[in-house]
Structure formats: C-alpha cells, structure tokens
Amino acid sequence: MPSSLFHTARLVLSSLVILLSLARFAAAEDLSRAYLLPELFEIMAAEGRSSVLAEGAVPLEGRALADFERDVARIYDRHTMHDAFLDSLMAEMAATPEVLRDALEFAQTDLGKRVLRLEVSARDALLDDEVDEIARLALHEAREAQPGTVAADRLEMVRERVEANDLVELNVSLGLNTSFAYYQGMMAENAVNGLDAEQLLFLVWAQEPEIRADIEDWIESYFMMAYKPLNDDELAAYIAYVSTPLAQAFNRAMFRAFESLFNGISLDVGRALGRRLNVEDI
C-alpha cells in the first residue's frame with residue numbers, strides 16, 4: 001500500500017474511533033440524565049456516609065476518628081461514584097445496544113419520567129429518620145391489613161414489582177459481597193487478628209438472615225412510599241414493563257455495575273478503618 005493511502009486509512013480509522021467514543025459518551029450522558037443518576041448518587045453517597053459513621057459503628061475517637069471521617073468523605077464522593085458506575089454500566093451493555101436503547105426509550109415516556117422521579121424523590125426523603133420511620137410504620141400496617149383492602153392490595157403490587165426484577169435476592173447478594181469486601185480491606189491492613197479467609201466467609205454468611213430481613217423491610221417500605229401517587233393501572237403498566245426481557249437485562253446490568261462500585265467502596269472503607277485502628281493502637 002502506498003504510504004499516502006496507508007496514512008489516509010489510518011486517519012479514517014482514527015476518525016471512526018473518535019466518532020464511536022463520542023457516540024458512547026453521548027449515550028452515557030443521555031442515560032445519566034434520563035435516570036437522574038447525579039441526584040441518585042448524591043443520595044447514595046449520603047446514605048453510605050451515614051451508615052458507615054452511624055453512632056457506635058466506628059471504634060475510633062479523637063484524631064483517628066476525624067481522619068477516618070475524612071477518608072469516608074473521600075471514598076463516598078458522589079462524582080467519583082457516578083462516573084465509576086456509569087463506566088461499568090456502559091461496558092456491561094456494550095454488546096447489547098438494544099438494552100440501552102430500550103432503557104432510554106422507557107425513561108423518555110411520561111410513565112418512565114414520573115416513576116423515575118418518584119423513586120429518586122422517595123429515596124431522598126428517606127434520608128430523614130422520621131420519614132423512614134413513618135414509611136416503615138405504613139409498611140407494618142399494610143402487612144397487617146386484611147386481604148382485599150387498599151393497603152393490602154398495594155403491598156401485593158409492590159411485591160410483584162420487587163419479584164419482577166428479583167430485587168431482594170440481588171440486594172442480598174450485594175450486601176453479602178460488600179460485607180466480605182469490607183472485612184477483606186481490614187484484613188489487608190492486619191486489623192482483624194486471628195481470622196482467616198474461611199472464618200471470614202462464615203462470619204459474613206452468618207449475617208445473611210439479618211441482611212435479608214433488613215432489605216425486605218427497606219425495599220417494601222421504600223416502594224410503598226415511592227409509588228403511592230401512582231394509581232393501580234399506572235403501577236401495573238410499570239410492572240409489565242420491568243418484567244420484559246430487555247428491562248430485566250438492564251436491571252441485571254445495573255446490579256453488576258453497582259456490585260463493582262460498592263465492592264470497591266467497601267474494600268476501601270475497610271482498609272481505611274484498618275489503617276486508623278492500627279495508628280490508634282500505636
């Protein structure tokens with residue numbers, strides 16, 4: 001091939017790579033906006049910091065505690081979380097553009113826009129302990145309600161929505177894996193004495209019933225609150241959509257991206273706590 005033709009071919013290939021990269025970036029931006037990901041990760045970052053730094057959860061004090069709080073703020077940076085998740089999610093769907101296309105099309109429907117806004121708004125509201133308590137009380141009342149009542153029927157629909165995407169099992173798996181990563185981080189800093197990998201696995205699996213119960217309570221109270229403004233026909237239409245093969249594929253891709261993100265975060269939190277514990281012991 002003449003050098004001029006080779007140079008032209010190389011320029012064409014470079015242009016195609018740039019165009020594909022720009023198209024992928026644009027699709028990622030569209031997905032982020034449509035699914036309100038910047039808002040969602042602002043909430044998730046607040047949830048994470050609150051959980052890690054809950055009263056009595058951190059065996060540190062004084063300067064070591066202050067340093068750990070800074071570590072947690074850095075680890076739970078909403079921009080870093082958002083970008084890492086979105087990169088993973090786009091990679092998960094790289095071979096299945098029809099899944100991404102379907103997810104974007106749904107998010108642009110009137111029902112999609114409304115549901116996504118309701119889900120994010122409810123999750124934001126639940127950061128308030130009083131709101132969370134009210135939501136859990138409403139769930140308890142729905143669980144105790146007689147079959148055929150409005151509350152009982154709505155809870156049944158919420159459970160159909162949960163089951164459509166296997167949300168309890170996926171969240172339990174995520175909870176167990178992130179717990180394991182957290183202890184691995186502490187072990188990496190030699191902050192867990194006398195515990196080997198097999199014992200660590202046993203310790204984590206012992207938490208499964210508690211993790212499952214907490215997830216079932218949280219997700220049902222969350223969805224009962226989030227979907228309250230929807231009438232039965234609207235909620236039924238949403239359940240029908242999330243039950244489709246493409247929507248289920250999108251849900252699985254999201255959970256793989258969440259797992260990648262939160263395993264890394266939990267490992268980093270465990271390592272950070274391990275380092276601070278070691279400094280405090282000196």
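R154 sits in helix 8, residues 150-164 (a helix here is a DSSP run of H or I, at least four residues, numbered from the N terminus). This is a predicted model, where local features need pLDDT of at least 70, side-chain atom pairs count only at pLDDT 80 or more, and totals for chains, interfaces and linings use all residues. Residues are numbered from 1 along each chain as its sequence is written, and side-chain values use heavy atoms, with hydrogens and water left out.

So who does R154 meet? Its side chain reaches the backbone oxygen of L230 at 2.9 Å (a polar contact is a pair of N or O atoms within 3.5 Å, one able to donate a hydrogen and the other to accept it; residues adjacent in sequence count only if both atoms are side-chain atoms). L230 lies in the loop between helix 11 (208-226) and helix 12 (232-242).

Here are the two residues together; buried means under 20% relative accessible area, with a 1.4 Å probe and protein chains only, and contact means heavy atoms within 4.5 Å. Residues up to four places away in sequence are not counted.

L230 and R114 are 116 residues apart in sequence, yet 9.0 Å apart in space, C-alpha to C-alpha.

Definitions and conventions
Helix = DSSP H or I, 4+ residues; strand = E, 2+ residues; numbered from the N terminus.
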